[in-house]
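Subject: Structure for you to look at

Hello,

Please find the structure below.

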Amino acid sequence: MPIAKISPSLLSGDFGILAAECKRMVSHGADWLHMDVMDGHFVPNITIGAPVISCLTKHLDAFLDCHMMVSNPEKWVDDFAKAGASLYCFHIEATQDASALIDKIHAAGMKAGVAVKPKTPISTVMDLGNKMDMCLVMTVEPGFGGQRFMAECMPKVKELRARYPDLDIEVDGGIAAENIEAAAKAGANVIVAGTSIFKAEDISATIESFRTTVNT
Ligand code: DX5
Ligand code: ZN
């Protein structure tokens with residue numbers, strides 16, 4: 001399985017000082033930064049869009065892992081590419097033609113990720129494994145940080161890992177010390193965590209221990 005990438009979710013940070021929060025996470029050893037984009041339609045919450053990403057990239061040079069919890073994900077590809085997003089991860093539930101959308105994301109110069117909600121079967125994305133750069137298996141219902149990890153999603157990770165040994169597989173939602181091992185064992189290598197990283201007493205140690213658990 002590919003090496004660990006730890007991607008703290010800025011949703012748990014202070015949006016009033018977002019660039020500083022991003023830099024703080026990088027200084028603690030974050031590999032990627034997970035940006036939760038919510039449109040108030042696909043999920044019942046609103047966060048940030050391309051204008052904020054575009055301001056951020058003027059202040060930092062980090063890999064921005066953009067989790068697009070939006071309806072009509074086709075609509076924002078060019079704006080996010082221009083803003084400097086690194087990876088554009090859309091939800092399979094939000095599109096009619098995932099394959100064409102992946103092509104559009106690649107043509108715009110970004111990596112393409114495909115996310116599945118907890119109740120969405122993994123069969124919906126199985127055939128995209130050689131085309132997408134990453135699959136995000138949600139471990140909470142998207143919309144809010146601080147929810148409970150759903151261990152029942154792990155068989156989906158396992159099934160995907162069995163078929164695609166080299167694919168980046170991301171888990172997102174409720175990841176913490178008590179379940180990182182289950183996620184890693186199932187085959188996840190990209191770890192998103194908001195609450196457990198931002199609330200940690202020792203952020204660097206928490207990131208490092210997630211990394212070690214995945215890599216060993
Ligand atoms: C939820 C978001 C997550 C969330 C994770 O819709 O996709 O990225 O911020 O936060 P925690 O780790 O607190 O569950
Ligand atoms: Zn997310």
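Lysine 5 and aspartate 168 form a salt bridge, their closest N and O atoms lying 2.9 Å apart. A salt bridge here is a side-chain nitrogen of Lys or Arg within 4 Å of a carboxyl oxygen of Asp or Glu. The pair joins distant parts of the chain, since lysine 5 is in strand β1 and aspartate 168 is in strand β7 (residues 168-172), 163 residues apart. Helices (H or I, at least four residues) and strands (E, at least two) are DSSP runs, numbered from the N terminus. Both lysine 5 and aspartate 168 are buried. Buried means under 20% relative accessible area, exposed means over 50%, and partly exposed is in between (1.4 Å probe, protein chains only).

Before going on, note that this is a predicted model: local features need pLDDT of at least 70, side-chain atom pairs count only at pLDDT 80 or more, and totals for chains, interfaces and linings use all residues. Residues are numbered from 1 along each chain as its sequence is written, chains are lettered from A and ligands numbered from 1 in the order in which they are written, and side-chain values use heavy atoms, with hydrogens and water left out.

Strand β1 (residues 5-8) is covered on both faces: Lys5 and Ser7 are buried on one side, and Ile6 and Pro8 on the other. Strand β1 pairs with strand β8 (residues 190-193) in the parallel sense, over 4 bridges. Two strands pair if DSSP finds at least two bridges between them. Proline 8 has alanine 193 as its bridge partner in β8.

Back to the salt bridges, of which the structure holds 7. Lysine 131 forms one with aspartate 103, with 3.1 Å between the closest N and O atoms. Lysine 131 is in the loop between β5 (111-116) and β6 (134-138) and aspartate 103 is in helix α4 (residues 98-107), so this pair ties together parts 28 residues apart in sequence. Lysine 131 is partly exposed at 27% relative accessibility, and aspartate 103 is partly exposed at 41%. Another salt bridge joins the side chains of lysine 119 and glutamate 141 (3.5 Å, N to O). Lysine 119 is exposed, with a relative accessible area of 73%, whereas glutamate 141 is partly exposed at 28%. Asp31, Glu208 and Arg211 are linked in a salt-bridge network.

Next, the metal site. Which residues hold the zinc ion (ligand 2)? Its protein donors are His34 (NE2), Asp36 (OD), His67 (ND1) and Asp172 (OD), at 2.1 to 2.3 Å. Donors are N, O and S atoms within 2.8 Å of the metal (3.2 Å for Na, K and Ca); water is not among the atoms, so sites may look incomplete. The site is octahedral, with angles of 72 to 172° among its 6 donor atoms. Six donors count as octahedral if opposite donors are over 155 degrees apart and all others between 65 and 115. Histidine 34 and aspartate 36 are both buried.

Finally, the cysteines. The structure holds 0 disulfides, a disulfide being a pair of cysteine sulfur atoms within 2.5 Å. Cysteine 22 is buried, with a relative accessible area of 1%.

Regards

Methods
Tetrahedral: all angles 85-135°; square planar, octahedral: opposite > 155°, others 65-115°.
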